[in-house]
Amino acid sequence: MQIKNYINGEFIAPVSGEWIDNYNPSNGEVYGKIPNSDKADVEQAVLAAEKAFTNWSATTLDYRSNILKNISDLILENLPELAEVESKDNGKPISLAKEIDIPRAASNFQFFANAITQFSSEAHESVGLHAVNFTLREPVGVVGCISPWNLPLYLFTWKIAPAIAAGNCVVAKPSEVTPATAFLLSKICEKAGLPKGVLNIVHGLGSTTGQAIVSHPKIKAISFTGGTKTGARIAKIAAPMFKKLSLELGGKNPNIVFADCNYDKMLATTVRSSFANQGQICLCGSRIFVEENIYEKFKSDFIDKVAQLKIGHPSKNDTNIGALVSKEHLEKVKSYIDLAQEEGGKLLFGGKRVEVDNYENGYYLQPTIIEVSTNQCRLNQEEIFGPIVTIMPFKTDDDALALANDTKYGLSATLWTNNLNRTMQFSKQLKTGIVWVNTWMLRDLRTPFGGQKESGVGREGGFEALRFFTEPKNICIKYD
Ligand SMILES: NC(=O)C1=CN([C@@H]2O[C@H](COP(=O)(O)OP(=O)(O)OC[C@H]3O[C@@H](n4cnc5c(N)ncnc54)[C@H](O)[C@@H]3O)[C@@H](O)[C@H]2O)C=CC1
Ligand SMILES: O=C(O)/C=C/C=C(\O)C(=O)O
């Protein structure tokens, strides 16, 4: 697939004429080229967005809403192709792309098509002062959206949909590791009647294209999802320019299991929360803490269940674990398996690279379970972002809470218990942006989504996203 930038409604090659190889993680081969865009391409995109802004920001909400709905419908119409392309580009099982990634991308547009018609601002009567205040919510202008490779179209659209619904024009960059569905989205947007310049997609590396977006003085807000180190780098550039920032970063999420939970439900969900998408979701429960009286039983049942997961080519319908996204990422994840041995962790299951028949050079790794004796090891403190979980027993509620909060991250936590008081105590005291009780990754798009501590700044989702992509302006009217 020859991927091009989408700027001002045109499909164009990068100004430099340079291209980057795009790899297929299932076999390690180069299968396409993407633009190696730089400042000059970003400049063109900003000019197009700036020009489109005057008209787009003045359109009616119904007009915008209808275009977003068209995009959503077209994503669903093209679901089989989009799922196939996503699975090939990322290495994720086709079933996941079909059932989760692509439907969610459509829902993102459908949700914000409706949300923008319900979004309202506030009025305050200043009683006794003979004045009324009302607040306008105006689009920010040209905004930047930068997304990662783990849920490519799902997260790309999670940013773009609210941004354009709120009347902004966008310069967006998908990950250079998984650019393909963003390219297909540009074709869909054109077909859906999105005016030229409202969405501009510039492909390229983080250090050049991404950095050019973040540094551009005319881009007034940046919405970013990715690693914590990159988030810090972005903040360092954007904050002194007084840009609005929404940073959704890494996680090291605890999965806390009490003996009084619904055991079978917990076990099945824990397999998913550990290894869905090869463990490459910022919400995966990578640290499992289990109450000591069921620890040995959990250990053996968990190993049995994980052993049943089928590692295979992403395009096969019965594959549960596909390929990791890139060679570099595979090497990073594998290095933690070696580290576990140095740190005194005990390998309970997995730990080896897998050679899938006919695809021996693909980036496959066994789902891996490591028993640790301390939460202070690097395995429990650093985001691995792959198919590795640690398990460890705990004695009391206080111990579990302390272990859960003992990390620099604060994205999500999962709690398994049927005790209401415990549920409330943990929900109040867990230092995370999201707490799931007796479930995992149940998503309602109206809810605030994001993390505390080094997991990020700001919240996405629902009206939070529309607030981020608008600037409040208060008008105070005095009357006699
Ligand atoms: N949602 C999450 O929590 C994610 C976390 N990660 C974590 O980050 C680690 C590194 O993975 P990467 O692929 O390198 O993620 P990354 O955070 O560097 O990449 C995410 C996006 O940011 C862009 N980017 C990179 N450097 C940039 C810069 N200086 N300015 C602007 N944009 C920039 C990338 O091109 C990509 O589009 C992973 O091993 C994982 O631990 C990675 C992806 C998603
Ligand atoms: O919005 C969601 O449902 C999920 C978001 C997941 C991430 O941001 C991630 O894995 O990076």
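**View 1. Asn255 stands opposite Thr414 in strand E20.** The model shown is predicted; local features need pLDDT of at least 70, side-chain atom pairs count only at pLDDT 80 or more, and totals for chains, interfaces and linings use all residues. Residues are numbered from 1 along each chain as its sequence is written, and chains are lettered from A and ligands numbered from 1 in the order in which they are written. Strand E12 (residues 254-257) runs parallel to E20, joined to it by 3 bridges. Strands (E, at least two residues) and helices (H or I, at least four) are DSSP runs numbered from the N terminus; two strands pair if DSSP finds at least two bridges between them.

**View 2. Strand E20 pairs with strand E21 (residues 434-437) in the parallel sense.** The pairing comprises 4 bridges, and Ala413 stands opposite Val435 in E21. From E20 the chain passes through helix H14 (residues 420-429) to E21 in a right-handed β-α-β crossover; that is, with the strands pointing away from the viewer, the path from the first strand over the helix to the second runs clockwise.

**View 3. Strand E20 (residues 412-416) is mostly covered.** Of its 5 residues, 5 are buried, meaning that 20 or more other C-beta atoms, placed from the backbone, lie within 10 Å of the residue's own. In a regular strand the side chains alternate between the two faces of the sheet. Ser412, Thr414 and Trp416 point one way from E20, and Ala413 and Leu415 point the other way.

**View 4. Ligand 2 lies between domain 1 (5-249 + 455-478) and domain 2 (254-444), because both give residues to the shell around it.** The domain bounds come from an automatic or database domain assignment. Among the residues around ligand 2 are Trp158, Glu248, Cys282 and Arg443, where a residue counts as near if its C-beta atom, placed from the backbone, lies within 6 Å.

How values were computed: A residue is buried if 20 or more other C-beta atoms lie within 10 Å of its own, exposed if 12 or fewer, and partly exposed in between; C-beta atoms are placed from the backbone.
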